[in-house]
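Welcome! Take a moment to look over the sequence and the 3D view, and then let us walk through them together.

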Amino acid sequence: MIQFPHAAASRFERAMRKCSSLTMLTYGMAALGGGLLPLSMVTSSAWGAPSASDAPATGTTRPEDPQTHPVQQAESQQASSPAATRQEPTAPETPRTAQDWSERGRYVAAAADCAACHTAPQGAAYAGGYAFELPIGTLYASNITPDKTHGIGNWTEAQFIRAVREGIRPDGASLYPAMPYPSYARMTDDDLHALYVYFMQGVQPVAQPVQANAIPWPLSMRFPLTLWRWAFAPSPEAARRTTTRPFADAELARGAYLVEGPGHCGACHTQRGIAMQEEALTAQDSPRYLAGGKAVDGWTPPSLRGEPRTGLGTWSVADITTFLKTGRNARGSAFGNMDSAVHHGTQYLSDADLTAMARYLKTLPAAKPRQADWKRSGAATKALQSGGQLTSGQRVYLDNCAACHRSNGAGYPSTFPPLADNPVVMNPAADSIIHIILTGATLQGTQSAPSAFTMPGFAGRLTDMQIAAVATFIRHAWGNNAPAVTDVDVRHMRARLSPARTQVAPPSPVQPAEKRAALPSPLQPASSGGKGQNPEKANQLPAEKAPQPASFPPNSSSDTAHSPYSGGSETE
């Protein structure tokens with residue numbers, strides 16, 4: 001049964017009586033575009049974060065030392081308990097000039113992730129053109145610079161706010177819910193006014209037309225999206241009432257506002273229903289809120305709730321704050337869409353706001369309360385270090401992964417992330433692990449952690465069976481005990497990714513030909529090859545199936561080089 005958030009059910013039922021089943025199916029499929037690819041937390045300009053006193057303080061008061069603010073085990077109950085008192089928001093100092101409003105708007109743009117969809121790679125800031133490859137076609141992000149011809153330069157503030165909060169353009173047409181207006185509906189008047197001033201006065205106008213969407217009819221019709229809005233998007237008034245519900249203290253209220261509102265974390269980290277609507281928009285709606293989402297761009301967002309293995313149950317407030325500020329901590333590193341979220345967005349938020357977000361996330365109990373704690377097992381480490389007979393997955397790991405992630409799976413925290421006790425590794429869905437092995441990833445540098453680290457992709461180096469074998473080993477080893485990965489899973493992921501991201505790299509000119517042999521297939525383990533048989537030839541795959549080597553030199557005693565680089569395991 002479809003769950004209707006807020007008071008939308010009756011409106012939806014009236015709409016159903018006016019529409020055929022085909023029309024409703026059309027709007028549901030059209031909404032698919034937005035459901036799969038919400039905005040990421042990005043801003044393209046490298047400006048400094050406001051100080052704690054300058055940052056917007058809507059709904060919060062800040063502790064004297066936010067980094068050492070204690071986390072109480074009972075916060076989850078306090079935050080949702082009827083006995084909790086409503087905290088009066090501590091209003092920020094009202095900006096006195098247009099420049100002050102613009103600077104505040106710049107900060108809000110970082111918190112609200114505006115540039116993620118509206119800035120194309122190597123493109124001008126907010127000039128649009130970013131292409132979303134969706135099952136229904138290609139959706140191109142709009143130009144939101146103040147250009148009067150191709151951008152939003154002719155929009156009034158009222159029109160701008162209506163688009164952000166309600167998903168309605170000035171011409172009355174509905175926006176695709178790729179624009180997360182169900183979350184933005186919670187944003188305050190002051191934050192939206194500041195955002196408008198920033199876009200009109202702080203962003204350079206760019207006269208760049210945006211390519212028309214390549215979505216075939218009837219999925220290109222926008223009027224069914226109106227029904228989607230009625231059914232699944234809360235009114236701004238209802239959204240604000242929910243977000244300003246009672247909390248144990250004002251810092252938690254601020255964290256809830258940032259996570260549920262401008263941060264729109266649930267757009268990725270909450271599963272979606274049959275019409276691609278978020279199954280919960282706030283923690284008050286359902287324990288499914290932030291309990292983990294479906295794959296976005298081939299990355300599966302993990303739970304941000306209290307699960308000890310697949311969520312943030314064992315993370316401290318300091319762990320979460322450090323992760324949002326730097327993209328890395330002792331427990332993991334950001335990759336995929338979350339790396340963009342940190343690099344272009346959350347690293348610019350104040351320590352007080354990051355702490356408020358972390359404290360709020362720590363109030364969310366596990367959606368799966370019976371999940372067992374992670375317990376380290378030394379069996380895999382012993383096998384890797386023994387030098388004895390290895391499985392296919394163990395050999396691939398030693399030759400390609402162990403230099404950075406180590407035989408005990410602990411990695412080198414803050415540089416090369418651990419694979420042991422990593423929520424992404426233990427996620428029931430293996431998409432993220434398969435994806436990063438195929439394509440690699442780069443952890444961008446931030447203000448507080450300027451070093452960048454890159455893990456190369458292995459799509460052209462390892463076969464589907466080899467990737468399945470090493471992924472299964474990683475998900476089973478060190479106490480992770482996650483489900484196995486099959487070569488079919490890898491083949492499907494490889495097909496979903498664009499050829500440009502999985503293209504085969506040419507052999508390195510410094511790599512001798514005799515070093516270019518592929519690892520044996522997981523179904524064809526290495527053997528002595530019999531009397532007089534060349535063991536290296538015995539281990540080679542048929543020519544038409546052998547993958548091409550990667551473009552970096554060998555760095556191990558085996559015939560296949562491992563990489564000296566690494567990306568990370570995301571806990572978005």
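Ser102 is in contact with Val197, Tyr198 and Gly202, leaving aside its neighbours within four places in sequence; contact here means heavy atoms within 4.5 Å. You will find Ser102 in helix α5, which covers residues 98–112. With a relative accessible area of 4%, Ser102 is buried. Buried means under 20% relative accessible area, exposed over 50%, and partly exposed in between, using a 1.4 Å probe and protein chains only.

A word on what you are viewing: this is a predicted model, where local features need pLDDT of at least 70, side-chain atom pairs count only at pLDDT 80 or more, and totals for chains, interfaces and linings use all residues. Residues are numbered from 1 along each chain as its sequence is written, and side-chain values use heavy atoms, with hydrogens and water left out.

Now move along to Asp431, in helix α20 (residues 431–439). Asp431 is buried, at a relative accessible area of 18%. Not counting residues up to four places away in sequence, Asp431 touches Ala295, Gly298, Thr300, Met493 and Arg496.

Finally, step back to the whole protein. It has 24 helices and 6 strands; helices (H or I, at least four residues) and strands (E, at least two) are DSSP runs, numbered from the N terminus. Of the 572 residues, 56% are buried. Among contacts with a separation of 6 or more, 73% join residues 24 or more positions apart.
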